[in-house]
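Please look over the sequence and the model before reading on.

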Amino acid sequence: MKTVSSLLDPVWYERYKRISNLNIRSSIYDVTNRCNLRCKGCFFFSSGEHHVQEETDLKKWEAFIDREKARGVNLAILIGGEPTLCMDRVEAFYKRVPSYCATNGLIKVPRERFPDMMVGISLWGDSEDEKILRGKDTFAVSSKNYEGDSYTYYLYTITPKQVGKIEPVIKRIVDIGLKVHLQLLSNDEGVDGFHWREGELRDLRAEMDEMLERYPHTVISSKYYHEVITTGMMLGRRFGWRECPSVTESLDNRQPPVRRLIHFCRWAADLKTVHRCCTSATRDCATCKDGAAHMSWIMVNKRDHIVSTRDLQNWIEVYEMFAKLYRLIPW
Amino acid sequence: MPESIEKKGIVRHVAEIIIGELKLEDVIPDTFDPDMDLVDELGIDSMDLATIALVLQDEYKIIIDEDDYPRLKTVRLISAYIEEKLAAKH
């Protein structure tokens, strides 16, 4: 029987213990159906998930959040639409439960109201890609709004056109004193020129590894995460519906049961509807490149990594990456 | 049956269930350290605990509250918890 302490030296064992008891229960909330951008490839709008009647009564939001807290949620991930269009709802979450706000960064989260709320700014490549996919160079605005903010990082969605060109983007983020986490475009709307081609993901993995080595204080990532997200493989298993951990609990009828995020739900802005998963039901799980889903996939399969020292260290590094993204442990 | 033997029986049975449910290799109930921290050493998470709890609930006809999971850190602590629940039934 392999035990954790038999595989790790004292330093790694301490790192393991620091994260092994975090016991995170996250869920995702569409704070609003509205957005101030309409990005090509945004799963929220391409899937039609915004076609629900948005709840506008703040009291109902507050009661809903209290119920969620009672359900055991201890990390609220706020997405949209664009959550910052409804700061009162964001505040209702923030006052009740540790919250993370995903935003395009065009509106600044006022720090006097949200002093330590984690903010993740979406970024879809360099200014050229941003203009093609999002209609504008959002970085030009978001970088001014959030420069030097110690509770903010960029969530850089790398597109196929970015292969070989990600360092200048990282450097721009270094220059404004923020951190960055990397994930890959799934191209939900099939935009021409943004499909992954043979070999590109292999090249990108090497490039992501290089960025992590070159900018360790800026890039919040791990090489094992790069491997899993670019290959779609973990411990010889392929990512897909039979493996994904980020499926809404009440809709998860997979048999035999799949290792999953306990009590995870993704709620629509009507506070009644739940969506299938952390992305959209229209996405093909076999080609899903969602970073959070792949990260969670690794995290929920802890015991499968208690096989060798390297496997367990890989698992620890991914869990630490997750914990850093939500400032559950220091950067 | 003397109480100590009964206690030993629960400890052994819990170890047996954990070994079976987690498919642990190279260990038998008699060699399973009842004081080993299941999270820190075996890497058990709440989904594993939920699976084990379901079996224990069936075996002992008790209810294990999810809020109590953090208490269930070792085989010995799980056994004590079961005893507590059984005593409360009588």
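Predicted model: local features only at pLDDT ≥ 70, side-chain atom pairs only at ≥ 80, totals over all residues.

Residues are numbered from 1 along each chain as its sequence is written, while chains are lettered from A and ligands numbered from 1 in the order in which they are written. Chain A has twelve helices and ten strands. Chain B has three helices and zero strands.

**Chain A overall**
- Helices (H or I, at least four residues) and strands (E, at least two) are DSSP runs, numbered from the N terminus.
- The radius of gyration of chain A is 19 Å, close to the 20 Å that the globule rule gives for 331 residues, so chain A is as compact as a globular protein of that length.
- That radius is taken over C-alpha atoms, and the globule rule is 2.2 Å times the number of residues to the power 0.38.
- Along the principal axes, the C-alpha atoms of chain A fill a box of roughly 55 × 45 × 40 Å.
- Of its 331 residues, 44% count as buried.
- A residue is buried if 20 or more other C-beta atoms lie within 10 Å of its own, exposed if 12 or fewer, and partly exposed in between; C-beta atoms are placed from the backbone.

**The sheet of chain A**
- Eight strands form an open sheet with mixed pairing, in the order β6-β5-β4-β3-β2-β1-β9-β10.
- Two strands pair if DSSP finds at least two bridges between them.
- The edge strands are β6 (179-184) and β10 (274-275) of chain A, and each pairs on one side only.
- Strands β2 (residues 75-79) and β3 (residues 99-103) of chain A pair in the parallel sense over three bridges.
- A:Ile77 stands opposite A:Tyr100 in β3(A).

**Helix α7 of chain A**
- In α7 (residues 138-146) of chain A, the buried residues are A:Thr138, A:Phe139, A:Ser142 and A:Tyr146.
- They cover an arc of only 85° around the axis, which puts them on the same side of α7(A).
- The arc is that of the directions from the helix axis to the C-beta atoms.
- A:Ala140 and A:Lys144 are exposed on the other side of α7(A).
- The buried residues of α7(A) pack against β4 (118-123), α6 (127-134), β5 (152-158) and α8 (166-175) of chain A.
- Just after α7(A), A:Gly148 takes a positive phi of about 75°.

**Nonpolar cores**
- A nonpolar core is a set of buried Ala, Val, Leu, Ile, Met, Phe, Trp, Tyr and Cys residues joined through C-beta atoms within 7 Å.
- The largest one has 84 residues, and those with the most contacts inside it are A:Leu78, A:Tyr154, A:Val180 and A:Val318.
- Apart from it lies another core, of 18 residues, among them B:Val14, B:Leu42, B:Ala53 and B:Leu72.

**Chain B overall**
- Its pattern along the sequence is α-α-α.
- The radius of gyration of chain B is 12 Å, close to the 12 Å that the globule rule gives for 90 residues, so chain B is as compact as a globular protein of that length.
- Of the 90 residues of chain B, 24% count as buried.

**Where the chains touch**
- The contact takes 14 residues from chain A and twelve residues from chain B.
- Two residues are in contact if their C-beta atoms, placed from the backbone, lie within 7 Å.
- On the side of chain A that touches chain B, the elements giving two or more residues are α1 (4-7) and α2 (10-20) of chain A.
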